[in-house]
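Thanks for asking me to look this over. Here are a few points to read alongside the structure.

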Amino acid sequence: MSDQDLDLPAWSEPFATRNREGLIHIAPLGRVSREVAWGSGDGSGITVAIIDSGVERNHPAVGGRLVRSMRVEVDEEGEPNVVEDVDPIDVVGHGTACAGIIHSLAPAAEFVSIRVLGPDNRGKGAVFAAGLDWAIEQGASVVNLSLSSKSDALFGIFHELADAAYFANVLLVSAANNVPGKSYPSLFASVVSVAAHDVPDPLTYFYNPSPPVEFGAFGLDVDVAWKDGKRIVATGNSFAAPHIAGFAARIRARHPRITPFEVKALLAATADNARDA
Amino acid sequence: MTPRKRHPDLSTAALAALRSIALRAEGARRLTPGAGESVLRSVVDATVALFQAEAASIALYDASTDRLVFRVAAGDQGQGVVGLAVPPDQGLVGYVYTSGQALAISDVRADPRFGRAFAESTQYVPRSIVAVPLADDHGTIGVLEVLDKRDEAAFSLRDIELASVFARQAAVAISATRVERDVSALLTSVFSGLLQPTDGDDAEARTTSPAALVDELVAAATAELGREDLSHLWALVEQVARVRAAAPDQLALVADLLAVLAGHAEHDRAARFGRQRRSR
């Protein structure tokens with residue numbers, strides 16, 4: 001399609017090949033090598049929560065690292081409750097795809113899956129919020145959120161949860177939506193918000209000094225794990241976020257006392273477009 | 001405005017005006033049946049043309065059945081999907097609806113279990129799909145799906161973004177027509193807004209619930225719509241609605257016929273008026 005001249009509003013625009021020449025991050029405290037940032041850190045001791053469609057426990061891509069599966073159940077009063085998923089499944093394949101990407105980067109990290117997709121769709125935004133609340137309370141090191149809510153009614157709840165996570169030392173990594181517009185919690189300041197770039201390399205990521213979407217990671221034609229032990233080729237910001245979550249897990253494994261804003265600063269200083277001042 | 005008694009502060013003239021508005025709105029609704037659908041159809045038509053795609057379709061969430069229902073489709077391979085309903089927690093369309101996250105998938109056929117049964121029920125199994133959410137201020141309301149670009153094997157990031165722009169247009173159009181398409185719903189929402197109980201409510205006001213009051217007001221304002229002697233009018237309105245689809249030369253014929261009829265009616269009225277004058 002000859003749409004290259006279209007002025008398309010999109011969060012991944014700054015990371016596109018044709019725009020990247022201008023995407024430079026002058027790291028104020030200097031660039032940091034990835035050796036310093038995570039070195040041998042492979043994610044040991046780190047728990048990554050995957051709030052998604054579930055994670056397939058026996059999928060080869062997950063490497064047996066799924067330690068717990070939860071799901072959100074809506075009771076008769078419409079209140080969401082987080083309960084053990086006795087039959088841990090991935091109803092789509094998407095959560096397994098995210099876990100597989102993180103496992104490929106941080107192979108020792110453990111996963112907790114919180115499935116927010118299920119047969120009951122009453123108040124899906126509230127279900128998502130309940131899952132996130134639970135992950136924060138459990139003290140997950142990193143939470144991968146390849147989903148978001150556009151509901152005005154949930155703005156306040158997600159804002160509170162993003163703050164609660166930040167103060168509880170829980171790093172939220174959230175996929176940006178494709179088109180600028182309301183999207184919670186991906187557009188909150190404390191969240192690591194990620195869009196896709198078009199470089200076919202999982203180890204390449206960029207920092208965008210113009211928020212709200214600060215990171216660009218691999219998300220085009222990604223070979224991902226999918227439902228029923230399969231693999232599929234998929235594209236979307238959904239698959240960019242788990243790449244950054246994987247690097248964050250390595251950073252947190254290497255520097256156990258590091259806080260969310262320090263992780264963000266390290267990610268920016270190690271980005272492919274970081275330059276010394 | 002405080003609900004103090006039945007039809008509070010609503011004069012006969014105001015009620016008559018509301019009835020007239022209700023009548024006109026109902027007439028407009030019947031003159032443009034499926035106005036919302038036609039906007040959606042134009043979105044999928046434009047999507048297919050722009051992407052050079054085999055098919056594009058829009059599914060909207062229907063709360064009463066808890067299903068995503070495919071409402072419109074375009075493209076050579078698109079029509080089989082219209083009317084199909086899928087659970088909102090399954091498959092790619094379900095995921096996009098529930099997560100609000102746009103996705104593209106290629107090599108769909110490589111995985112025999114990936115929505116294969118559904119795709120086969122539409123008589124078309126695609127190679128690649130892009131699906132983006134339709135969202136308004138209250139959240140995601142549906143999904144726009146595009147299948148197979150004719151000249152490329154997969155969808156790019158830009159395709160997802162472009163599809164998202166189309167989806168936003170569709171969502172805006174749906175939000176607008178959802179309010180307009182049902183006179184009763186529109187009146188109910190207007191009255192509900194007006195009759196929010198205020199702090200100064202007295203005991204009398206609380207004896208009638210705002211909801212009951214709203215129902216009564218809507219019933220009063222729309223009472224005309226169901227009246228027997230209007231059925232000829234609605235039949236006429238619906239015929240006019242059908243004529244809108246006529247070719248230009250047919251329209252000219254209809255206009256000529258209407259001119260003759262109008263002249264006849266005018267003559268008839270003048271004659272009746274004359275008779276009345278003479279009988280005095």
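**Notes on a predicted model**

1. Let me begin with a helix of chain A. In this predicted model, the buried residues of α2(A) are H94(A), G95(A), T96(A), A97(A), C98(A), A99(A), G100(A), I101(A), I102(A), H103(A) and L105(A). That makes 11 of its 12 residues buried, so α2(A) is largely enclosed by the rest of the structure.

2. The length of this helix also checks out. Helix α2 of chain A covers residues 94-105, and at 1.5 Å a residue its 12 residues should span 16 Å. The C-alpha atoms at its ends lie 17 Å apart, which agrees.

3. Next, have a look at E110(A), which sits in strand β5 (residues 110-115) of chain A. Is E110(A) buried or exposed? It counts as buried, because it has 20 C-beta neighbours inside 10 Å, and 20 is the number at which a residue is called buried. Leaving aside residues up to four places away in sequence, E110(A) touches T47(A), R65(A) and V67(A). From E110(A) to V48(A) the C-alpha distance is 6.1 Å, although 62 residues separate the two in sequence.

4. Now to where the chains meet. Chain A brings 40 residues to the contact and chain B brings 37 residues. On the chain A side, α3 (124-137) and β12 (230-235) are the elements that give two or more residues. The most come from β12(A), with five residues. By type, this side of chain A has 16 nonpolar, 15 polar and nine charged residues.

Definitions and conventions:
Residues numbered from 1 in each chain as written. Chains lettered and ligands numbered in written order. Predicted model: local features only at pLDDT ≥ 70, side-chain atom pairs only at ≥ 80, totals over all residues. Contact = placed C-beta atoms within 7 Å. Helix = DSSP H or I, 4+ residues; strand = E, 2+ residues; numbered from the N terminus. Nonpolar A, V, L, I, M, F, W, Y, C, P; charged D, E, K, R; others polar. Expected span 1.5 Å × (residues − 1).
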